Amino acid sequence: GYMLRTGVMLAAAIVLVGGVMYLAHSHGARPDYSHFHGETVQLMTMHGIVHGVGTGDPRSIIMLGLLVLIATPVARVGMCVVGFLFEGDRLYVTVSSAVLLILLYSLFFHR
């Protein structure tokens with residue numbers, strides 16, 4: 001439970017920092033909401049997000065917070081697998097491993 005709370009609080013703090021930075025920067029003209037403009041490629045890849053965080057891009061920092069939020073339950077399931085391995089409980093290792101594989105598959109091979 002502590003891991004989930006810590007992950008969510010960390011993600012919220014990262015998103016808050018990115019949001020404050022985003023609001024603090026001047027964005028020029030008022031946005032035109034009559035046409036949809038998708039996000040840049042930078043915010044769609046892990047490499048782009050990490051590079052953007054390194055340069056202090058507020059949108060990349062917000063995306064990093066969202067990635068931490070998504071990774072929190074996945075890491076929790078991974079910790080369950082390790083814990084059940086130490087306990088020697090084969091059934092729960094198998095079930096937790098299956099859940100972890102499904103989560104990882106859905107994250108990396110979604111189409």
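Let me start with the nonpolar patch on the surface, which is formed by Ile70, Tyr105, Leu107, Phe108 and Phe109, with about 560 Å² of accessible area together. Accessible areas here come from the Shrake-Rupley method with a 1.4 Å probe, and a patch is made of residues with over 30% relative accessible area and no salt bridge, nonpolar side chains being joined within 5 Å and like charges within 9 Å. A salt bridge, in turn, is a side-chain nitrogen of Lys or Arg within 4 Å of a carboxyl oxygen of Asp or Glu.

Please keep in mind that this is a predicted model, in which local features need pLDDT of at least 70 and side-chain atom pairs count only at pLDDT 80 or more, while totals for chains, interfaces and linings use all residues. Residues are numbered from 1 along each chain as its sequence is written, and side-chain values use heavy atoms, with hydrogens and water left out.

The pLDDT is the predictor's confidence in each residue, from 0 to 100, and its mean for the protein chain is 88, with 96% of the residues reaching 70 or more.

Back at the patch, helix 4, residues 90-108, gives the most, with three residues; helices are DSSP runs (H or I, at least four residues), numbered from the N terminus. Leu107 lies in helix 4 and counts as partly exposed because its relative accessibility is 35%, where buried means under 20%, exposed over 50%, and partly exposed in between.

Finally, Gln42 lies in the loop between helix 1 and helix 2, and, leaving aside neighbours within four places in sequence, Gln42 is in contact (heavy atoms within 4.5 Å) with Gly48, Ile49, Gly52, Asp57 and Ser60.

Terms used: Helix = DSSP H or I, 4+ residues; strand = E, 2+ residues; numbered from the N terminus. Buried < 20%, exposed > 50% of the residue type's maximum accessible area, 1.4 Å probe, protein only.
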